[in-house]
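This briefing is meant for someone meeting the structure for the first time. Please look over the sequence and the model before reading on.

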Amino acid sequence: MICETSILEKNTDTNKVRVAIYDRIKLNEPESALIVSLREEKYVSILSKHPEWLLVGKYIDEKRPATFIEQRPEFSRMKEDCNNGNIDLIVVLKISALIRNMVKCMDIIKEFQSLQPPVHFYFDDLGISTADNNGKLISFVCTVAAKNQAIISSWSNPSAYETASKYDDEWWRNLDLNDISSTNSER
């Protein structure tokens, strides 16, 4: 764990989107200090482009190979703050900092969007937010890719088919493709 920043302030301005930063950084490398500094600059740049965003927390886990998301203390703390209604949007520089497995990534997105109020993700490397229509379309495409990834995995691991099956119905069926196509045609 790099930093322990709790919720910095409650959102008293209803026009502000309460934003948290989530990242994972390797600490045991010689260039760790430089990486932390460069990432901090990038986050400041992202936040400065969105005056409607209010930074309420930073959650930085140490990057370790094959770490289950449940074993990340800062992710767990951020999730708790989301459950308590303190965060509206999570900014992540690279989707791989959140998780590399697309099936699990879609599970995380779905879980956070089901909270009240919903919590969305902004992935800077992809330039998408799960809150807007383009983000929903990309989430839909990623869900299909996740399902296909799980099906392919099931060829060598039959129990993975059960994971793939849950993407047959569920949350992406509520995606309004007419809404997305009208938004895209206006550009």
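Where in the chain is the place of Pro 117? In this predicted model, Pro 117 sits in the loop between H4 and E5, and the peptide bond that joins Gln 116 to Pro 117 is cis, with omega at about 0°. The points below begin with the chain as a whole and then turn to particular contacts.

**The chain as a whole**

- The secondary structure of the chain amounts to seven helices and six strands, and along the sequence these follow the pattern β-β-α-β-α-β-α-α-β-β-α-α-α.
- The chain has 187 residues, of which 40% are buried.
- When contacts between residues at least 6 apart in sequence are considered, 72% of them join residues that are at least 24 apart.

**The nonpolar cores**

- The largest nonpolar core contains 26 residues, and the ones with the most contacts inside it are Ile 87, Ile 90, Leu 98, Phe 112 and Phe 121.
- At least two residues of this core are supplied by each of E2, E3, H2, E4, helix H3 (95-98), H4 and E5, while the largest share, five residues, comes from H4.
- Apart from this core there is a second, separate one of 12 residues, which includes Ile 25, Ile 46, Trp 53 and Val 91.

**Helices H2 and H4**

- Helix H2, covering residues 73-83, and helix H4, covering residues 102-113, have axes that come within 11 Å and cross at roughly 30°.
- Because angles under 35 degrees count as roughly parallel, H2 and H4 are described as roughly parallel to each other.
- On the H2 side the contact is made by Phe 75, Lys 79 and Cys 82, and on the H4 side by Ile 108, Glu 111 and Phe 112.
- The residues of this contact divide into four nonpolar and two charged, with no polar ones.
- Phe 112, which takes part in the contact between the helices, touches Phe 75, Lys 79, Cys 82, Ile 90, Pro 118, Val 119 and Phe 121 when residues up to four places away in sequence are not counted.

**Aromatic pairs and the aromatic cluster**

- A search of the whole structure finds five aromatic pairs.
- One of them is formed by Tyr 22 and Phe 75 in an edge-to-face arrangement, with 5.6 Å from centre to centre and 80° between the planes.
- This pair links distant parts of the chain, since Tyr 22 is in strand E2 (residues 17-25) and Phe 75 is in helix H2, 53 residues apart; both Tyr 22 and Phe 75 are buried.
- Trp 53 and Tyr 122 form another edge-to-face pair, at 5.9 Å from centre to centre and with 65° between the planes.
- This second pair also links distant parts of the chain: Trp 53 is in strand E3 (residues 53-62) and Tyr 122 is in strand E5 (residues 120-123), 69 residues apart.
- Trp 53 counts as buried because its relative accessibility is 13%, and Tyr 122 is likewise buried, with a relative accessible area of 15%.
- One aromatic cluster is formed by Tyr 22, Phe 75, Phe 112, Phe 121 and Phe 123.

**Leu 89 in strand E4**

- Leu 89 is placed in strand E4, which covers residues 89-92, and counts as buried because its relative accessibility is 6%.
- Although Leu 89 and Tyr 122 are 33 residues apart in sequence, their C-alpha atoms are 7.0 Å apart in space.
- Setting aside neighbours within four places in sequence, Leu 89 is in contact with Val 17, Arg 18, Val 19, Ala 20, Trp 53, Val 119, His 120, Phe 121, Tyr 122 and Ser 129.

- With a relative accessible area of 0%, Val 119 is buried.
- Val 119 and Cys 82 are 37 residues apart in sequence, yet their C-alpha atoms are 7.0 Å apart in space.
- Not counting residues up to four places away in sequence, Val 119 touches Cys 82, Ile 87, Asp 88, Leu 89, Ile 90, Phe 112 and Gln 113.

Technical notes. Residues numbered from 1 in each chain as written. Predicted model: local features only at pLDDT ≥ 70, side-chain atom pairs only at ≥ 80, totals over all residues. Heavy atoms only, no water. Axes fitted to C-alpha atoms, helices over the stretch in contact; angles between N-to-C directions. Helix = DSSP H or I, 4+ residues; strand = E, 2+ residues; numbered from the N terminus. Parallel < 35°, antiparallel > 145°, perpendicular 65-115°, else oblique. Contact = heavy atoms within 4.5 Å. Nonpolar A, V, L, I, M, F, W, Y, C, P; charged D, E, K, R; others polar. Phe/Tyr/Trp six-rings, centres within 6.5 Å; stacked < 30°, edge-to-face > 60°. Buried < 20%, exposed > 50% of the residue type's maximum accessible area, 1.4 Å probe, protein only. Core = buried A, V, L, I, M, F, W, Y, C linked by side-chain atoms within 4.5 Å.
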